[in-house]
Amino acid sequence: MQAYLDNSATTRPFDDVRELMRTIEDKTYGNPSSMHAMGVLAENHVKEASETLAGILKVKEKEICFTSGGTESDNLALTGCARANSRAGKHLITTRIEHPAVLQTMKHLEEEGFEVTYLDVDGNGVLHPETLEKALRSDTILVSVMHVNNEIGSVQPIEELARLTKAYAPSILFHTDAVQSFGKFRILPKRMGIDLLSVSGHKIHGPKGIGFLYVDEHVKITPILYGGGQQKGLRSGTENVAAIAGMAKAAELEYEDLQSKTENLYALKEDFIRKLLTLEAVTVNGLGEGSGLPERVRASAPHIVSASFDKVRSEVLLHALEEQGVYVSAGSACASNKPAVSETLKAIGVKKDLLDSTIRFSFSTDTTKEELDHAFESLSRILPMLRKYTRH
Amino acid sequence: MHYSSFLIKYTEIAIKGKNRYLFEDALVSRIRQVLKRVDGDFAVTKNQGRIYVDVEGDYDFDETVAALQCVFGITGICPVVKTEDEGFEKLAKDVIRYLEEAYPSLDQTFKVNARRARKNYPMNSMELNMELGGVILDRFENMKVDVHHPQIMLTVEIREHIFIYSHVIPGPGGMPVGTNGKAMLLLSGGIDSPVAGYMISKRGVKLDAVYFHAPPYTSERAKQKVVDLAKQIAKYAGTIYLHVVNFTDIQLYIYEKCPHDELTIIMRRYMMRIAEHIAKETECLGLVTGESIGQVASQTMQSLASTDEVCTMPVYRPLIGFDKQEIVAVSEKIDTYETSILPFEDCCTIFVAKHPVTKPNLKVIKRHEKHLEEQIDELFAKAIETKELIIIKDCE
């Protein structure tokens with residue numbers, strides 16, 4: 001039996017998505033910028049996709065800018081806004097647990113002369129509004145806080161964070177990396193005070209190599225790619241028509257019956273965590289606050305479980321699970337001669353011994369109870385075996 | 001300049017007496033093999049004790065040279081301009097044009113080295129040297145003759161056609177692969193063993209390889225890395241049969257039964273035993289490892305002695321006297337370095353003790369190996385039985 005539990009890395013494209021994309025590649029392969037009918041047909045697919053996505057976010061069509069994925073969306077949002085608004089100030093704020101697409105871009109912006117404040121989070125991986133409040137300054141131009149953390153699934157109080165940012169100064173831009181939350185949470189940028197929102201296609205059962213950035217129409221932003229001036233000059237390059245349509249289709253399907261899907265995921269997650277906690281020497285990371293398990297499980301995202309297994313190296317456990325057809329991610333990719341310890345896990349205070357013993361299980365709407373049971377059974381069989389042979 | 005031929009130089013083969021043709025034939029067939037990597041219409045011929053590569057039409061010069069530089073046995077590659085014999089006047093013109101194109105500054109010292117292989121040519125070698133030298137001196141006032149250490153040694157060969165060449169691009173040297181039997185290389189994902197394979201292969205030895213993996217402790221990517229390394233070696237060594245042995249059970253059994261500071265030594269002794277077993281089955285004449293004295297605990301003189309002790313076949317260690325930097329230099333030259341340093345754990349490091357023995361006592365090791373008696377034969381047989389064979393072709 002197979003259990004694909006690495007959905008935060010990527011998801012299986014929906015059948016409808018693949019079919020739609022194939023039809024478009026077959027029949028409507030024109031360039032959306034071409035003046036003839038073939039171009040118009042292709043352009044219509046792009047328009048339709050913008051409409052769908054704008055409809056989900058309840059924003060304007062023209063506020064959707066297609067990119068090559070989450071990384072490019074983050075790069076465009078941060079670099080584009082920092083450069084365009086540098087006269088108003090050079091201070092940027094983010095958290096220590098952002099995806100590298102944000103953290104590395106911030107590092108680069110530091111080299112360009114911007115000053116960046118990296119905010120601490122609590123032991124559950126949540127940013128406290130007071131922490132942000134204290135960091136805001138008169139020269140702050142942009143705040144970037146992810147919605148759902150990709151490693152532990154912690155959820156940030158985005159609406160509150162955006163509100164207090166705007167209360168401090170309405171001109172400060174608020175960016176959210178929603179790569180892990182789009183499709184799992186209802187996100188309404190206008191109501192929540194989000195100016196820029198990054199989304200990736202392949203995390204929601206769409207194709208790889210496509211994503212979009214929502215940019216509020218009032219935001220001052222400069223492009224990072226120059227060329228033929230497509231997408232109102234903000235992102236040059238011929239639009240990846242089939243992938244754009246595929247992503248919109250995936251989003252549409254993902255948001256159908258959102259509530260019942262989410263509840264189902266939470267039920268699976270709760271059951272899985274309950275079982276995990278019966279195992280010896282296991283810590284579940286980033287479990288939220290609350291009195292009972294159901295409440296604590298629901299404080300974080302419905303599809304991510306991070307767990308540390310004492311005295312077991314995550315890479316070995318990952319490969320042992322793989323032999324049972326269970327596919328997961330190592331919390332921190334670590335090899336003997338090149339330790340690359342996860343910043344997120346460090347930031348939430350995971351003990352040093354456990355940093356290299358952490359596994360991420362991530363679900364999708366495809367995930368079944370049978371898969372999770374298989375994963376759990378495999379774990380309970382493998383763990384004692386691996387613990388018998390440990391390095392000294 | 002358009003070169004339509006390459007003269008292939010080889011030295012060591014020329015002294016192999018009656019076996020010479022065997023070596024030459026091996027060299028010719030290997031050259032044909034590597035030229036399949038390059039687009040172009042190549043013909044490789046052996047003629048009066050020389051090997052020529054002729055090419056019709058368009059081809060990529062750099063790619064061709066790079067391919068030829070993978071052929072052991074070649075000491076030099078001379079790009080040749082080929083012209084027809086239409087009298088001395090025409091030859092003089094061709095020589096002048098060759099020099100103008102190849103050496104635009106035209107201020108070097110030179111020597112003409114004419115060779116008259118076709119004896120009915122009206123001038124002999126000495127006359128040709130003098131006449132051509134005169135023409136060059138008349139034409140280019142800044143060029144001077146230096147018969148002892150010329151900057152340009154201009155060779156003009158009179159054969160059916162006339163060949164003009166002057167520079168020699170170095171080849172890898174060594175002997176054609178396959179002329180010296182076959183050996184089994186213990187290939188890990190590290191820097192050393194691919195270099196060891198290259199060195200042995202350079203002496204004309206064909207290679208098979210064995211890789212030990214230990215899933216789930218080592219990953220599929222670690223195995224892929226070894227396959228990639230083998231592909232890179234195969235560019236020089238020709239097709240390699242890579243035997244992938246699952247070592248996990250043996251390793252865990254040793255871990256369970258033997259003192260942990262001797263784990264690496266005992267493990268290596270079993271790797272050698274398995275490698276030798278496969279080597280015998282595949283008619284190899286020796287084992288090859290990338291060890292170098294004192295590099296790590298398992299490569300001290302004492303450790304080497306105890307791993308050596310289990311083998312009846314000779315174990316070749318071409319890097320035994322190399323420093324790490326020297327090994328790295330070769331691995332960079334043969335383009336295995338970048339792959340070797342990819343960070344995947346191999347099975348030698350997963351259970352490595354903090355302080356492994358550096359001076360193992362063979363008697364003690366043997367006594368501890370007795371603890372394995374109960375199951376080791378069965379595990380050994382299973383490791384051989386379940387091994388996977390991957391054929392690494394050199395033209396992919």
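# A tour of chains A and B

Select domain 1 of chain B and domain 2 of chain B: their centres, taken over C-alpha atoms, are separated by 44 Å. The domain assignment places domain 1 of chain B at 5-170 and domain 2 at 182-392; domain bounds here come from an automatic or database domain assignment. This is a predicted model, in which local features need pLDDT of at least 70 and side-chain atom pairs count only at pLDDT 80 or more, while totals for chains, interfaces and linings use all residues. Residues are numbered from 1 along each chain as its sequence is written, and chains are lettered from A and ligands numbered from 1 in the order in which they are written.

**Chain B, helices α5 and α10**

Select helix α5(B), residues 192-202, and α10(B), residues 324-333. Helices (H or I, at least four residues) and strands (E, at least two) are DSSP runs, numbered from the N terminus. The two axes come within 9 Å and cross at roughly 70°. Axes are lines fitted to C-alpha atoms, for helices over the stretch in contact, and angles run from 0 to 180 degrees between N-to-C directions. α5(B) and α10(B) are therefore roughly perpendicular to each other; angles of 65 to 115 degrees count as roughly perpendicular, those under 35 as roughly parallel, those over 145 as roughly antiparallel and the rest as oblique.

To see the contact, pick Asp192(B), Pro194(B), Val195(B) and Tyr198(B) on α5(B), with Ile327(B), Val330(B) and Ser331(B) on α10(B). Two residues are in contact if their C-beta atoms, placed from the backbone, lie within 7 Å. Five residues of this contact are nonpolar, one is polar and one is charged. Ala, Val, Leu, Ile, Met, Phe, Trp, Tyr, Cys and Pro count as nonpolar, Asp, Glu, Lys and Arg as charged, and the others, Gly among them, as polar.

**Chain B, two backbone stops**

Most residues other than glycine have a negative phi, and most peptide bonds are trans. Asp335(B) counts as exposed, with 11 C-beta neighbours inside 10 Å. A residue is buried if 20 or more other C-beta atoms lie within 10 Å of its own, exposed if 12 or fewer, and partly exposed in between, with C-beta atoms placed from the backbone.

Then select Pro215(B) and Pro216(B), which are joined by a cis peptide bond with omega about 5°. Pro216(B) is in the loop between β11 (206-213) and α6 (220-237) of chain B.

**Chain A, domains**

Switch to chain A and colour domain 1 (15-255) and domain 2 (258-388) separately. Their C-alpha centres lie 28 Å apart. Between them, 21 residues of domain 1 of chain A are in contact with 24 residues of domain 2. The domain 1 side of this contact has six nonpolar, nine polar and six charged residues.

Start at Gln231(A), in the loop between β8 (211-215) and α8 of chain A. Phi of Gln231(A) is near 50°, a positive value in a residue other than glycine. Gln231(A) is buried, with 21 other C-beta atoms within 10 Å.

Now select α8(A), residues 241-255. Its 15 residues should span 21 Å at 1.5 Å a residue, and its end C-alpha atoms are 21 Å apart, which agrees; the expected span is 1.5 Å times one less than the number of residues. Twelve of the 15 residues are buried, so α8(A) is largely enclosed by the rest of the structure. Among the buried residues are Val241(A), Ile244(A), Met247(A), Lys249(A) and Glu254(A). Their cover includes α1 (15-27), α2 (37-57) and β2 (64-67) of chain A.

Step on to Glu256(A), in the loop between α8 and α9 (258-276) of chain A. With 10 C-beta neighbours inside 10 Å, Glu256(A) counts as exposed. The C-alpha atoms of Glu256(A) and Glu112(A) are separated by 43 Å. Asp257(A), which follows α8(A), has a positive phi near 50°.

**Chain A, helix α14 and beyond**

Which residues does Leu386(A) contact, leaving aside its neighbours within four places in sequence? Select Val312(A), Val316(A), Leu317(A) and Ala320(A) to see them. Leu386(A) is in helix α14 of chain A and counts as partly exposed, with 17 C-beta neighbours inside 10 Å.

Finish at Thr390(A), in the segment after α14 (369-388) of chain A. Thr390(A) counts as exposed, with 12 C-beta neighbours inside 10 Å. Its C-alpha atom and that of Lys311(A), 79 residues apart along the chain, are separated by 7.2 Å.
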